[in-house]
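Me: Please walk me through this structure, I'm new to this. Just pick a spot and start.

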Amino acid sequence: MNVEQVQNTHPELVSAETPVLQVQNLEVTYYTDAGRAKALDDLSFSLKAGEKLGIVGESGSGKSTLALAMMQMIKSPGRIEGGQVYVDGTELMALNAEDMRRSRLQKIAYIPQGAMNSLNPVMRIGAQMVDAVISHVENESKAETKERCMLALESVDLARGTFKMFPHELSGGMKQRVCIAIGILLQPQVIIADEPTSALDVVTQRQVMETIDRVRKKINAAVILIGHDMGLMAQFVDKVAVMYAGRLVEVSTVRQMFTDPQQPYSKALINCLPNLDNKGVFQGIPGLAPSLLRLPGGCAFHPRCELARDICKTSRPEPQSDKSGRSVICHLFDKEAQNEPSS
Ligand code: SF4
């Protein structure tokens with residue numbers, strides 16, 4: 001199916017500006033000795049060029065699996081069992097292994113969790129950057145490749161001298177910037193950053209997020225930020241997607257999410273954030289995230305949901321969208337009420 005056909009069959013995806021990224025009905029299952037775990041369950045969303053999406057959820061909700069599936073980097077015993085990922089009209093799932101390898105970095109870049117620890121300690125930063133370029137670009141002179149790397153380093157506020165340094169000579173924040181520089185070497189249309197600020201102090205976290213935002217503007221890439229920190233996300237993204245048990249249970253604008261969340265799990269996550277009214281008393285979410293091997297029937301959140309009804313135990317809620325584009329998976333979501341103008 002090409003993008004036009006997708007837009008014909010899913011008119012809700014058509015926007016004034018064609019999305020640069022469209023994820024449609026993505027499904028991933030892990031076949032383990034303990035059983036079958038559906039890690040991504042019919043996931044769909046889209047992003048326009050320059051748009052920023054934050055994906056939040058508890059550990060094990062499927063956030064990193066989503067990133068790996070989009071990059072076609074799911075390893076056995078995992079399997080992508082369905083869906084499409086379009087980047088600027090190219091269906092990544094339909095590419096052969098060599099074309100997909102070339103598309104990584106060129107069309108879609110992935111900065112994995114703990115990326116800064118994956119830098120080779122015995123190779124200079126420049127050599128690692130040059131390796132990344134020459135494995136994707138042909139017919140570029142050495143001088144052009146070096147200049148490309150220098151410009152990427154400057155884009156993330158690192159001095160040109162970083163090119164000659166070894167990873168151990170850099171701080172954690174500088175190493176993370178090097179990883180971002182590698183991610184933007186070929187100016188991809190989509191950048192996925194998985195927990196880009198974990199293990200960094202709060203000041204450096206902010207600097208790294210600002211760096212990502214600046215390079216996003218410079219190359220007009222769509223950015224997906226994966227993380228736990230809703231407060232940090234709120235400052236940098238346009239849209240937030242909340243993940244629970246392999247599903248996107250709510251996707252909305254930052255403003256909608258923080259002022260008027262609709263899905264009970266989203267509400268519970270927002271309530272976990274400290275604010276001036278709760279005077280240091282933190283609210284948690286009762287219970288534990290379910291094992292993907294043994295998901296509760298109906299709505300997977302029902303054992304923890306204070307608003308659960310009988311229907312929630314037996315009937316699986318499906319995504320519903322209102323006119324604003326907010327998408328919610330919950331039996332209680334009344335999209336018609338959301339569409340009515342507020343008086
Ligand atoms: Fe709670 Fe039911 Fe909504 Fe699930 S469908 S979040 S259990 S109210």
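Reply: Let's start with D88, which is found in the loop between β4 and β5 (90–91). Those labels come from DSSP runs numbered from the N terminus: helices are H or I with at least four residues, strands are E with at least two.

Me: OK, and how is the numbering and all that set up?
Reply: Residues are numbered from 1 along each chain as its sequence is written, and side-chain values use heavy atoms, with hydrogens and water left out. This is a predicted model, so local features need pLDDT of at least 70 and side-chain atom pairs count only at pLDDT 80 or more, while totals for chains, interfaces and linings use all residues.

Me: Got it. What's the phi of D88?
Reply: Near 50°, which is a positive value in a residue other than glycine. Most residues other than glycine have a negative phi, and most peptide bonds are trans.

Me: Is D88 buried, exposed or partly exposed?
Reply: D88 has a relative accessible area of 46%, so partly exposed. The cut-offs: buried is under 20% relative accessible area, exposed is over 50%, and partly exposed is in between, using a 1.4 Å probe and protein chains only.

Me: Which strand holds N25, and what about its phi?
Reply: N25 lies in strand β1 (residues 21–32). Its phi is also positive, near 50°, and N25 isn't a glycine. With a relative accessible area of 28%, N25 is partly exposed.

Me: And the peptide bond from S76 to P77, cis or trans?
Reply: That bond is cis, with omega near 15°. P77 is found in the loop between α2 (63–70) and β4 (78–87).

Me: New topic: the ligand. How many residues surround it?
Reply: 13 residues surround the ligand, and the closest are C299, C305, C312, C330 and H331. Here a residue is near a molecule if one of its heavy atoms lies within 4 Å of it.

Me: How does that shell divide into nonpolar, polar and charged?
Reply: It has ten nonpolar residues, three polar and no charged. Ala, Val, Leu, Ile, Met, Phe, Trp, Tyr, Cys and Pro count as nonpolar, Asp, Glu, Lys and Arg as charged, and the others, Gly among them, as polar.

Me: What kind of space does the ligand take?
Reply: That space is the largest cavity. On a 1 Å grid over the protein atoms alone, a cavity is a set of points where a 1.4 Å probe fits but cannot get out, and a molecule sits in one if more than half of its atoms lie within 2 Å of its grid points.

Me: Switching to rings. How many aromatic pairs are there?
Reply: Rings of Phe, Tyr and Trp (its six-membered ring) pair if their centres lie within 6.5 Å; planes under 30 degrees apart count as stacked, over 60 as edge-to-face and the rest as tilted. By this rule the count comes to three. One of them is Y244 with F301, edge-to-face, at 5.1 Å centre to centre and 80° between the planes.

Me: Which parts does that pair tie together?
Reply: Y244 is in strand β9 (residues 239–244) and F301 is in the loop between α10 (264–271) and α11 (310–314), so the pair joins parts that are 57 residues apart in sequence. Y244 is buried at 5% relative accessibility, and F301 is buried with a relative accessible area of 5%.

Me: What about Y265 and F301?
Reply: They form an edge-to-face pair too, 5.2 Å centre to centre with 70° between the planes. Y265 is in helix α10 and F301 in the loop between α10 and α11, so this pair links distant parts of the chain, 36 residues apart. Y265 is buried, at 0% relative accessible area. Together Y244, Y265 and F301 form one aromatic cluster.

Me: What sits over the ring of Y31?
Reply: The charged end of R79, 4.5 Å from the ring centre. To count, NZ of Lys or CZ of Arg must be within 6 Å of the ring centre and within 35 degrees of the ring normal.

Me: Last one: how far apart are G50 and N220?
Reply: Their C-alpha atoms are separated by 4.6 Å, although the two are 170 residues apart along the chain. G50 is found in the loop between β2 (35–47) and β3 (52–56), and it is buried, with a relative accessible area of 11%.

Definitions and conventions
On a 1 Å grid over the protein atoms alone, a cavity is a set of points where a 1.4 Å probe fits but cannot get out, and a pocket is an open set with protein on both sides within 12 Å along at least five of seven lines; lining residues have an atom within 4 Å of a point.
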